[in-house]
Amino acid sequence: MSDTQSTLEREAPAVRKKGDVGGSIIRVAKYTVIRIVALFVTVVIGIYLVVLVANMGGYVDEIRRGAIKEEISMRVYMSKDPVLLALSAEEKNQMVQDQVVIEEKRRGLDKPFIIRSFAFLENAITLNLGYADDLVSDSGSKQVRLILLERLIPTLLMWGAGNLLLFFVGLFGGLYLSRKYGSILDKIVIALAPTSSAPAWFYGLFLILIFAGIFRVLPFGGLVDAPPPPNKLDYALSVLKHLILPTSAIFISTIGLSVFNRRTFFLIYSQEDYVEMAKAKGLPDRLIERRYILKPTLPVILTDFLLTVIYLWTGAVILETVFNWPGLGRALYQAIGNFDTPVIVGAQVIFAYLLAATVFVLDFMYALVDPRVRIGEQGKKA
């Protein structure tokens with residue numbers, strides 16, 4: 001009897017461990033399903049609102065109908081074709097009306113907007129982005145997918161360079177200033193923090209005026225020299241030269257606030273009791289910074305970094321227009337000006353999916369970097 005009891009006592013921890021593992025898997029799976037459904041519903045609502053706004057509640061359809069009628073009327077009445085010249089005014093009017101009806105039906109404008117809005121929503125959710133109304137890709141295609149992909153690389157290049165430089169300089173600059181609290185450099189950074197209230201395009205205008213207009217050492221804008229250099233090395237150097245001013249504008253517009261925020265976070269965590277305890281034990285400063293200051297701030301830093309990567313996708317309408325940069329922001333500006341709804345909706349759909357995926361990944365990464373976070377255990381103690 002005692003042997004049996006001893007065996008059960010030895011096996012009990014293993015059974016409990018298997019039960020805990022099984023419960024954890026079920027809990028994580030349940031949380032994952034609920035989170036995916038919630039994010040999907042959020043994305044659907046956001047996309048439908050974008051469809052409504054991009055079409056101005058159906059007003060863009062009226063603009064398109066007017067443009068179609070004007071285009072067909074000009075083609076019929078201004079034509080030098082002897083057959084059309086021989087027609088009477090009534091016959092020409094009838095021809096215009098018939099062709100307008102055919103063209104509206106081809107574009108789906110014969111259906112009510114509320115019905116077409118749900119068709120737009122379905123196509124957007126399934127990433128069937130369709131064809132642009134006015135914009136074309138460099139290869140001559142009107143597929144929204146190709147248009148966005150061509151504009152994506154310049155946007156990632158400019159915003160990737162600027163924001164990644166900003167992220168790492170802000171991180172290590174803030175850490176350095178937290179060690180030099182109250183120094184002259186610390187006071188200078190605090191004084192310069194309000195300069196981040198101005199947008200990047202504001203500084204971009206001054207950079208263009210100074211370095212391109214006055215000193216003429218850098219180009220006014222664009223992606224590469226015209227005509228483009230035939231040699232790959234020269235082409236890359238030309239792109240880097242055109243990249244200096246927009247990247248500098250991004251960096252200058254945010255570096256003050258970025259360093260100040262990081263410095264503040266590090267100072268707050270450096271005054272915690274466990275940091276004072278580590279100092280009292282005589283641990284090296286570098287080890288204290290890495291283990292007791294950087295690690296607790298890792299969730300905030302991680303969130304900032306991942307959201308920065310996602311926002312690279314959107315570009316910036318005004319900054320890319322100021323520098324004549326052929327990115328997504330400038331394409332979106334052109335699409336808005338031409339009422340090109342498919343391009344507007346397509347860009348926002350991709351952004352919505354990327355943002356939802358980032359939020360989903362962040363939930364799990366928090367659990368990896370912060371032991372206090374337990375997935376699916378809201379309200380429970382870790």
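Tutor: We may begin with helix α11, whose buried residues are covered by elements that include α6, α9 (232–270) and α10 (273–280). Please bear in mind that this is a predicted model.

Student: Which residues of helix α11 are buried?

Tutor: Helix α11 spans residues 285–294, and L287, I288, E289 and I293 are its buried residues. The term requires a relative accessible area under 20%.

Student: How do you know how confident the predictor is in the protein chain?

Tutor: The mean pLDDT of the protein chain is 84, and 89% of its residues reach 70 or more. Where pLDDT is low, the predicted coordinates should not be read in detail.

Student: What makes up the secondary structure of the protein chain?

Tutor: The protein chain has 15 helices and zero strands. Of its 382 residues, 36% are buried. Among contacts with a separation of 6 or more, 70% are between residues 24 or more positions apart.

Student: Why is L205 called partly exposed?

Tutor: The relative accessibility of L205 is 44%. Buried means under 20% and exposed means over 50%, with partly exposed in between. L205 therefore counts as partly exposed at 44%. This residue lies in helix α8.

Student: What makes the surface patch that includes L205 nonpolar?

Tutor: Its members are W201, F202, L205, F206, L209, I210, F211, I214, F215, V217 and I318. Nonpolar side chains in a patch are those of Val, Leu, Ile, Met, Phe, Trp and Tyr, joined within 5 Å, and each residue needs over 30% relative accessible area. L205, at 44%, therefore passes that cut-off. Together the residues of the patch have about 1,000 Å² of accessible area. Helix α8 (residues 200–214) contributes the largest share, eight residues.

Student: How much accessible surface does the protein chain have as a whole?

Tutor: The total is about 23,000 Å², and 66% of it belongs to carbon and sulfur atoms.

Student: Which residues touch the most other members of the largest nonpolar core?

Tutor: They are I47, A132, L135, V144, L148, V343 and V345, in a core of 26 residues. The elements giving two or more residues to this core are α1 (2–54), α5 (113–125), α6 (144–179), α14 (328–337) and α15 (341–369). In soluble globular proteins, nonpolar side chains tend to be buried together.

Student: What does V144 touch, leaving out residues up to four places away in sequence?

Tutor: V144 touches L129, G130, Y131, A132, P342, V343 and G346. There is also a second, separate core of 15 residues, which includes A200, L245, I250 and W325.

Student: Why is the pair R116 and D61 called a salt bridge?

Tutor: The closest N and O atoms of R116 and D61 are 2.5 Å apart. R116 lies in helix α5 and D61 in helix α2 (residues 59–77), so the pair ties together parts that are 55 residues apart in sequence.

Student: Are R116 and D61 buried or exposed?

Tutor: R116 has a relative accessible area of 7% and is buried; D61, at 2%, is buried as well.

Student: What makes R151 and E150 a salt bridge?

Tutor: Their N to O distance is 3.8 Å, and because the limit is 4 Å, the pair qualifies. R151 counts as buried at 12% relative accessibility, whereas E150 counts as partly exposed at 26%. Elsewhere, salt bridges that share partners join E103, R106 and R107 into one network. The structure holds 10 salt bridges.

Key. Residues are numbered from 1 along each chain as its sequence is written. This is a predicted model: local features need pLDDT of at least 70, side-chain atom pairs count only at pLDDT 80 or more; totals for chains, interfaces and linings use all residues. Side-chain values use heavy atoms; hydrogens and water are left out. Patches are made of residues with over 30% relative accessible area and no salt bridge: like charges are joined within 9 Å, nonpolar side chains (Val, Leu, Ile, Met, Phe, Trp, Tyr) within 5 Å. Accessible areas come from the Shrake-Rupley method with a 1.4 Å probe; for residues, only the protein chains shown count as cover. A salt bridge is a side-chain nitrogen of Lys or Arg within 4 Å of a carboxyl oxygen of Asp or Glu. Helices (H or I, at least four residues) and strands (E, at least two) are DSSP runs, numbered from the N terminus. Buried means under 20% relative accessible area, exposed over 50%, partly exposed in between (1.4 Å probe, protein chains only). A nonpolar core is a set of buried Ala, Val, Leu, Ile, Met, Phe, Trp, Tyr and Cys residues joined through side-chain atoms within 4.5 Å. Contact means heavy atoms within 4.5 Å. pLDDT is the predictor's confidence in each residue, from 0 to 100.
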